[in-house]
Amino acid sequence: MTDTLPDRLSTNPKSPFYDEKLLQQGVGIKFDGQEKTNVEEYCVSEGWIRVAVGKTVDRHGNPLTIKLKGKVEPYLEKKA
């Protein structure tokens with residue numbers, strides 16, 4: 001596999017942008033220069049991430065998210 005990451009990736013298995021193999025390798029996100037660990041979905045070309053809002057869930061049990069706009073930098077985490 002190459003070191004290039006997709007433009008858009010989601011942690012939700014129901015999403016068309018979900019990639020289990022890639023997520024198992026470990027994907028990290030830098031958003032506006034800060035490390036983010038609670039990212040549910042990102043899009044590099046549109047410049048946004050979706051992050052969970054606390055422990056709140058919707059009526060289907062999915063976490064509620066908000067969209068933040070800024071510079072998105074995904075990377076593969078190095079596993080030792």
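What you see is a predicted model, in which local features need pLDDT of at least 70 and side-chain atom pairs count only at pLDDT 80 or more, while totals for chains, interfaces and linings use all residues. Residues are numbered from 1 along each chain as its sequence is written, and side-chain values use heavy atoms, with hydrogens and water left out.

Now to the charged pairs. Taking a salt bridge as a side-chain nitrogen of Lys or Arg within 4 Å of a carboxyl oxygen of Asp or Glu, the count is two. In one, Lys-71 meets Glu-73 at 3.9 Å, N to O. Lys-71 is exposed because its relative accessibility is 54%, whereas Glu-73, at 31%, is partly exposed.

The other joins Glu-41 to Arg-8, with the closest N and O atoms 2.9 Å apart. Glu-41 lies in strand 4 and Arg-8 in strand 1 (residues 8-10), so the pair ties together parts 33 residues apart in sequence. Strands here are DSSP runs of E, at least two residues, numbered from the N terminus. Glu-41 is buried at 11% relative accessible area, and Arg-8 is partly exposed at 27%.

Let's turn to Val-72. Counting heavy atoms within 4.5 Å as contact, and leaving out residues up to four places away in sequence, Val-72 touches Ile-29, Phe-31, Tyr-42 and Ile-49, among others.

Terms used: Helices (H or I, at least four residues) and strands (E, at least two) are DSSP runs, numbered from the N terminus. Buried means under 20% relative accessible area, exposed over 50%, partly exposed in between (1.4 Å probe, protein chains only).
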